[in-house]
Structures are given as C-alpha cells and as structure tokens.
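Biologist: I'd like to learn how to read salt bridges in a model. Could you walk me through some?

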Amino acid sequence: MRRLPVQMTLGAALSAVFVLAALVSFVWTPYGVEGLAIARRMAPPSLAHPLGTDHFGRDILSMLMVGARTSIAVAIVAVGIGMGLGVPLGLLAAANRGGLIDEIVMRGNDLIFAFPSLVIAILITAIAGPSAFNAILAIGIFNTPVFARVARGGALSLWTLDYILAARVAGKGRLRISLEHILPNILNLLIVQGTIQFSLGILAEAGLSYVGLGAQPPTPSWGRMLAESQTMVSLSPHIAIFPGLAIVLMVLGLNLLGDGLRDWTDPRLRRAR
Amino acid sequence: MLSIRDLSLEIAGTPILHGVSLDVAPGKVFGLVGESGSGKSMTALSVMRLLPQGARLRGRVSLGGTELTALDERQMCAVRGARVAMIFQEPMTALNPLRTIGEQVAETLVVHGAAPRGEAMRIAREKLDRVGLAADRFDLGRYPFELSGGQRQRVCIAMAIALRPAILIADEPTTALDVTTQAQILALLESLVREEGMGLMLITHDLAVVAGMADEVAVMREGRIVERGPTETLFRTRRHPYTRALLAASSHVPKRAALRSAGAPPVLEVEGAVRDYPLGRGAVFGARGHFRAVDGVSLAVGRGESVGLVGESGCGKSTLARAILGLEPLQVGAIRLEGAPVDAARGVPGALRAKMQVVFQDPFGSFNPRHRVARLVAEPFHLVGRPPDWRDRVAEALQAVGLKPADMEKFPHEFSGGQRQRIAIARAIVIRPRLVILDEAVSALDVSIRAQILELLADLQGRFGLSYLFISHDLAVVRAITDRVLVMRAGRIVEEGPTEAVFAAPRHGYTRQLLAATPRIPEDWLAEETRHGA
Amino acid sequence: MARYLASRLVSLLVSLAVASLVIFAVIEVIPGDTAAFMLGLNAQPDTVAALRAELGLDLPRSLRYLAWIGGMLTGDFGVSYTYRVPVAELISARLQVSLPLTLYALALSTAIAIPVGLIAAARRGRPADYAIMGVTQLGIAVPNFWFAMLLVALFAVTLRWFSAGGFPGWEAGLWAGLKALTLPAVALALPQASILARVMRSALIETLGQDYIRTARAKGLTEAQAIRAHAFRNALIPVMTILGLQFSFLLAGAIIIENVFFLPGLGRLIFQAITQRDLIVVESTVMLLVFAVILVTFLVDLAYAAIDPRLRR
C-alpha cells in the first residue's frame, strides 16, 4: 500500500468538516436561523458570534451550517442524476461502438453540452419558477453528458483489451461484460469525476442561488447569503467574506480530494503499490 | 571510436548497469543482445545521456577523444545528433505527427547550425533519397501519418545520419516491423555502415539479426556483459553458460508425440471464408466502400494436429481467428467445428463454443486485473455451467500448466509475463476444448520463456489430444511446433503444405521471399553442441 | 479537408436544428396564455383573442415554429411583449456589452494561462511548479461572482481606480468602455485561467513523455527547443478543447457577473424577461446563447484541422 498523498488527506479532511457541519445542523446550530434580531444586526465576529451576524441579526456560522446542507444536497443529487443517467448511457454507447446507439448518445451529449447549466436553469425557471429543485435538475442534466463521456471513454479503451475478447470467447454477452469487466475497472475514473462534478455542483448552485434561480427564502444558501450581502461589502465585510470562504474551502477540499484520488488510482503509478 | 569503460548506472537507488565496457569501431557493426530488462537500452541511453530523472552514472564514455561524461547538458546537446545519433524501436510514434518529414529531417541540421533552413531542406532531400524514399513518392511536405512503419523508420534514419555522425545507435530498430521490411531496414543500415564508415551499435533481442549483421557481439544479462567477442567465434564457442542457454532456447524444438488419427473427420473446417469491413464514408452521404480482410480462405485442422498460419501484419490472420471463434460474422463461406456450423450472425450455442478456446499475445491485457486467478481461469465454465467441483478443475488446470493450486488466490499482477501466459493457457484448457487457437501466443515473450511455453504446449497437446491453430508472424516458432503450415497474404492463403516441406522447398514466391527475409543463425555455427558442454 | 469541413458543417446545422426544437418545445409547454397574461386579469375575451391573432398565437405549432426560425434567419426575432420593441433591437443593444465582456475575459484567460502552464510544465516538480499548482488550485475554487464582489470592494470602493458598476456605453469611447469591463473580465477570467493553465501544464507534460520528444532530444534539441518546436503544438489540441468549453462557461458566467456590476447585458435582459414572462425574449436570447456555443464548437473543430494534418487530408 502506498502512502496516502498529503493533498488527498487535506482534501478529505476539508470536505469532511463541511459534511459534518451540515449533518450537525439538523440537530443543533449555535443560534436559530429563522428569527430576526435587529438589535444585534451586522455585528462583527465576537466570542458570542464567531463569524458575526448578518443584516437581520442572524448568526452567520449557523446560517453557513444550514446553507452547507443545501449546497451539499443539491450537488450530491445532481451528481447522482448525472451518474445514474450518464454511466449506463456511456457503457451502452461503448458496447455498441460505432453503432446507432453510440451515435445517438454522442450526438445527444453534444447537444446538452450546447446548453450551459445556467441556460438550462433559465429555461426550467421560465416554466416552473425558481426553486432549489430547479438547480438540482439543471446541474444534474448538465452532469449527464460529462459522466456519459467519461464512462464511454474509459470503457472503449477496455473493450480493446484481450480479456474482453476472452470473456466473449467464454460466451458472455455485451451487457454482462459491461457489468462484470468494464464497470468495476472504470469505477475509479467515475469516482474521481464524481468528486470534480460535486465541487462544480457546489459552485453552480452558489451561482444560481446568487442570481435567484436556486434555493428560495427562507432556505439558507451560500449563494443567496452572498447576494444579500452585496450592498454591504464595504460596511461589514465579514457578511460577504465568510460565505465566500465557505464555498472556496469546500470546493478546494473536494478538488484536492479528486486530484489525490486520481493520482492514487492512476494505472501508470499502480505498479508501485 | 566509441569506447565505454566500467559504466555503472543507478536509477533512484536501484542499480541498473554494472561495469559495462565495450568499443564500437568505425565502419563496423557492434551487436548488443539480451532479453528484456538486461540493460541494453539503458546502456544506449547512458551514452546519449537521455536518462530518466534520478539517474546516477559512473564510468567513462569517450567518443573520438572527447570524454562525454565530463560534458554538461549544453555541450551534450551539441554532441547528440551531430557526433552520435540514435534511432528507436517504435517508428509509428517516433515522429511528430504535426510536422512534415522534410522539416523533421532538416531540423537536425538547423538545430546544430550546420545549414540555414533552405539549404537544410535541400540536404534533407538528399538524405531521404539516400534512405530509399525517392522524391517522386516522398515529397518533403508529406506527414508521418501518410507513411508506413518501415517508411517512417527510414525517415528516422535519415534524421539520424543527416550530419554524418561517427556513431549510430539503433535500439531494436526492426522489432516493430514485418520480416520483409526488417530485412530492408537492416540492409540499409548495413550499407550506411560500410559506405559511410559509420560505427553502428545495434541493440536487439534477436540473436539471428545479430548473427547476420554484427562484426562483434556482446551478450548482456542483468546489467552486465557476460560475454563479448567476434560474432562467429562467440556463436561457435559460446563460452558463457548464459550464451549457451540463450542459443539453445532460440532454436528449441519441443518433442511432440505423433497423435494424428488418420482418416478421422477434421475438428475445424473453414470453407471459402470472406470477411469485409466497411470503410469510412467517401462523402457525408456517400456510399461506403469495403475492405476485404479475409478473401476466400479454406482450411482444415485435424484431430491432434498443429496447423500454423503465418503472415505479416494486416494479412487478415487475426480477423480469421476472430471469425473462427464466432466473434465476427462472415459475409460468405462457412465454418464448421466438429461438423456443427459456427455462425456469429445467428449466435453460437455455448456447448459448441466450449469446444474451442484461445490464447492471446499480450500477457498483460489478457486478464481482468480485479479478479483472482481462480475466477479468471474458471471463466469459460460460463459456457457449460459451472460444475460443483470447479475449484478442483481449476487447480488441475493450473497444475497442468506448471503452476501451483495455491496460485488460485493470487491476482494476475503478482505473476511474471511467462507465468501469465501459463494462466492464459490454463484458462483455455480448463473446459477441455478440442481446438485451441494460439494468436501470437508466444510473440511477446523472451526466447528462454518462449522455449518453455512451447514445450508446455507440446506436452498439453499430447496429454489432452488438443488441436492447435497456431497464428504467428514468426516463422521459426511455427516451424518448431506445427505439422502443417498455411501462408497468408492480403486475405488469401497463398501456400499450404506439411511444415518441413514448405520450409525446405517453398513453392510460392511470397513464401520464398518471407523465408529469405527471415534472419537465421548459420547452421554450422550451432553445430557441435557438445564442444564446450562436455 | 473538404470532407472534414462538410461533416462538421452538417453536425453544426443538425445541432442548431435540434437545439431550436428543444427550446421551442420547452417554451411551448409553459402553462398560461401569453396574451391573457399581457393584458392583465380584467381583459375582455375578444381583446385577448385579437392579441392572440396579432401575435400569431392562434396558428398551429408547426407553423409557429417555422415562423420563429424563419424570422430568426432573416433577423426578425419578433416583438417583445413587455418592451413593445423588436427583440432583435433589444438583444443587439445588450450584446454590445455581453459579447465584448466574454471575449475580453477569454483573451485574458488565455493570455495568462498559456505562459503560466508552460512555465509550470518546464519546471515540473520544482518550487515554481508547486507554487503555480497551489495558486491555480485555489483559483478554481473561487466563485467568480464572489471574487467580483471582492474586486469591487478593493479597487472601486477603497482604491477608487475603477467605478463600482454600470456601463457608459461605447459612445463614451473605447477606453471608457474597456475600463468599465475590466473588473468584470478579470473576475470572469481568473478562475477559468486557473483551469486552463492546469490543462496546459498536464497536456505539455503528457506530450513531453511521447516518443517523438525523445527523438527530438536525440537529434540534439535542448528541452526548451523540444518544447517550442514539438511539444507546444501537440499540447494545444487538448487545450483548445477546453478553451471551446470555457467559452460557454464564460458566456454563462458573464450573465451572472453582469449582476454584480449592474451591466446592461444579456443577463439582465434575460432575468427581467423571466420575471415579466416575456417569453419571446427568453426564447430568442436562449437560442442566441446556444447558437454561440455551437458556433464556437464548430470553430474549435476548424482549429483542430488547422493544427492537425491528419484531419486535413
């Protein structure tokens, strides 16, 4: 077993802190996030409020903890949608390389790539009005071709290997080979991509909430905290700085984790293990 | 001219070379032979000082009076390509795909300040002519992808000789090429040595290539030169046991029991097989052209018989193998296995498939890296249903190929290349097929391992009454293990007959050409085997 | 070359056709009658019917789709329900902000990323490389709109080098226009530059491991010469793929960043149109954005052919 790389450990620790904070927020936060307390509004960081309070006097740490819930939920479900749809499509396309299904899947991918997730969100909002669900759907749809591509690319390189031919000689069908021989061997690629899409999902959710296409009040969300703080940046910088830092650290943690996982599972380095 | 003394190399603390000494004289060919991992390529890269990071070099390398090990990287750049040049094994990837062959040859001259660009292009033209790429077909503006492997290797040679270096190092220059192309490239290298007075250091795993080309030979093993001397003397005397073992392995012919039952119906029959591949469309909505990979092939393999199928790359032999295995449909013709039709288009019943198995070339890509040996070897049971005693049957198969039943619990990466090929053979025989197709099954192995695997195959054939269809580009291997041979070219069988008869007196011109191109160690050099053994 | 070009062109047209169908279908399923919505709750049924006829809403769907496409091809994007002016006019006014902003950011991102990626690859495994990898890792994690807010706080509010937002219009001069777009472009470009620099680095390192680089070194090229003459152009192929994808990210990002800087661009137009249910504006703007992305994909395909002779035959 090789030593775990430093960056991976750091990334895993950072991500774990946020996931933990989100989980804890279900049972406990330092302060409630619903009530207004105008008297202590825009208080700078102090012992009572480690990250200060916002323009309604709400505790920013508590808001961030609950907001982490929204971010992580949106990003995870969106990765789930992307993997759930994209991976089977990618495997199917690779198993029928050059065939009609492959062509349809690939062209479908190209088509979705032409719609940035923000544009999808705009379309969905135009139909159904803004909500966190829109954000999930928009990011999830955008994730689908990403996973389809990664799965197809990884699978295609495996389909040329002799052990796949050996499995065919043993009478195994394409579906069975895809599940037994292909999927387990591209799982590391998918996990790495999943981490990356998770972090991109957090960024996208923040952006959508910032422009009002994501989570709606009163659901706390990092993006909307930033939108609300915009006019007060110079008066009370902490209101804008902490939610931004939360996004940066969470995304940084996930990216470090993803890069670390990729290096760690790189087949070119695997011999050393 | 080039003189290496006590060269030792360590990479990241691992010793690679131990006190290597050799001399390459002008106008002479120096052959450096050894199996994979013997350090022969690293010796060449040490001369060029193109070593990986973390390499530590000791000893002396002098070139015409210049001590190369004393030069810094800048000075070394002035030596590379100008005074000592190198060509590599893989011509398909050795050239930059985005630049023309003219530019790439001229670059050698430009980078050393030997000529301005225009003049360099003129010289590049001359050099390409010299290596046999005439101006009318090989314009300077052509790109590498428009050239075959052999032609690309010629471009690499033109690049290397552009500045008439004193020493040319060729690292397995023909290993990736077909035998007829190999003969042409070797002839070209030899003429350059004789006519231009260049010293050639020829690195190869192939003893026959060295026997035909080199003036002097060194045999390398585990980072040391074990024996060195004039070629003929070295081959005749073979003082070192390793040299003896290597030569014995390279000409090894396994003993095989005569098991053919005359008059019995053949195990495999192929009749008039045709396999077409669609080509890319000519225009967006244009009609597709076809490439005929297999063109009217008929053959039969009798019970207990070994049939060889030889041909160069792209001749259609692997496509034919896939069709026989029922993995690809035929457009015309029929395949019968013990009388039952094998038709990929309609689906092949498991019970029929179970009568044939296959062993592939690549011992690394042949196994799912996540499965244990037990599961890998048991895979063909999928065809007939896994019997309750499957683990015993797997253990038995492993023992039959010379492995231990305990190896069942290991993963493929825990085995060497030769051992993996044994596992692949175990997988092929575990359900006791009638026919085993061996698709270049020993081509990736070193000679000593290859001899062992051939021996194993001969043994298994006798024990289990197997029929073999032995597909290979290597004539020596086919000669050693087959009863009958078919020669394939451009999708057709051009000659067929008993192996010894075909090799002794080939009738078809192409067969004769193949045999003539195959490098061989002169018979009399190998005679008197007992002289030093006794 | 002609074959490659033709196949890319066909794929461009097919993508556009399918994308327009998707957008049209999505807008069609939106519940509610646009005409009734425009006229308010108290409108008489016959005035609603008259407006429906005027807007062409009573025609069959296939005809309306063809009319929409035909109009777009001739530059007639319809009339905005709320602004009561041609959509083409609205969009072209807004495009004068959004398009220069996107291109400005793209230029900045490329100009920063390529040299930075080159330096990191040339010094791989050394301190400069680690520093660059660290900074770019951070750069990727920063949301561009938050970065924009910090830039405003620092350069507009505190240092007063730039204005905090708004756009004077190109009539105020090229310099004034560019100056107003500088902070937004920097905010957009830096995260993208971080991604691109990392792609450039890894593509170069991958290329430096290729056999033809070893051939070049054996000819006597120094590593720097080998990078310049052989590795760089080969590494550009994956870099261009990412550059093409980044265009759509930048375009989408520009829509968000316009909010931070109160820029009168497409983003503000589209958000207003959504709240006012001005569907024809939403539909046409989205189509335009998608068209831009598909067009850039096509241009990237052409650039591949310019670099790679294998595609030109």
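Biologist: Is B:Arg303 buried, partly exposed or exposed, and what is its relative accessibility?

Modeller: Buried means under 20% relative accessible area, exposed over 50%, and partly exposed in between (1.4 Å probe, protein chains only). At 34% relative accessibility, B:Arg303 is partly exposed. A word on the source: this is a predicted model, where local features need pLDDT of at least 70, side-chain atom pairs count only at pLDDT 80 or more, and totals for chains, interfaces and linings use all residues. Residues are numbered from 1 along each chain as its sequence is written, chains are lettered from A and ligands numbered from 1 in the order in which they are written, and side-chain values use heavy atoms, leaving out hydrogens and water.

Biologist: Which side chain does B:Arg303 meet in a salt bridge?

Modeller: Side chains of opposite charge can pair when their charged atoms come close. A salt bridge is a side-chain nitrogen of Lys or Arg within 4 Å of a carboxyl oxygen of Asp or Glu. Here B:Arg303 pairs with B:Glu338 at 2.5 Å, N to O. B:Glu338 is partly exposed too, at 26%.

Biologist: Where do C:Arg201 and C:Asp129 lie?

Modeller: Helices (H or I, at least four residues) and strands (E, at least two) are DSSP runs, numbered from the N terminus. The closest N and O atoms of this salt bridge are 2.7 Å apart. C:Arg201 lies in helix H8 and C:Asp129 in helix H6 of chain C, so the pair ties together parts 72 residues apart in sequence. C:Arg201 is buried at 17%, and C:Asp129 is buried at 2%.

Biologist: How many salt bridges are there over all chains?

Modeller: The whole structure has 55.
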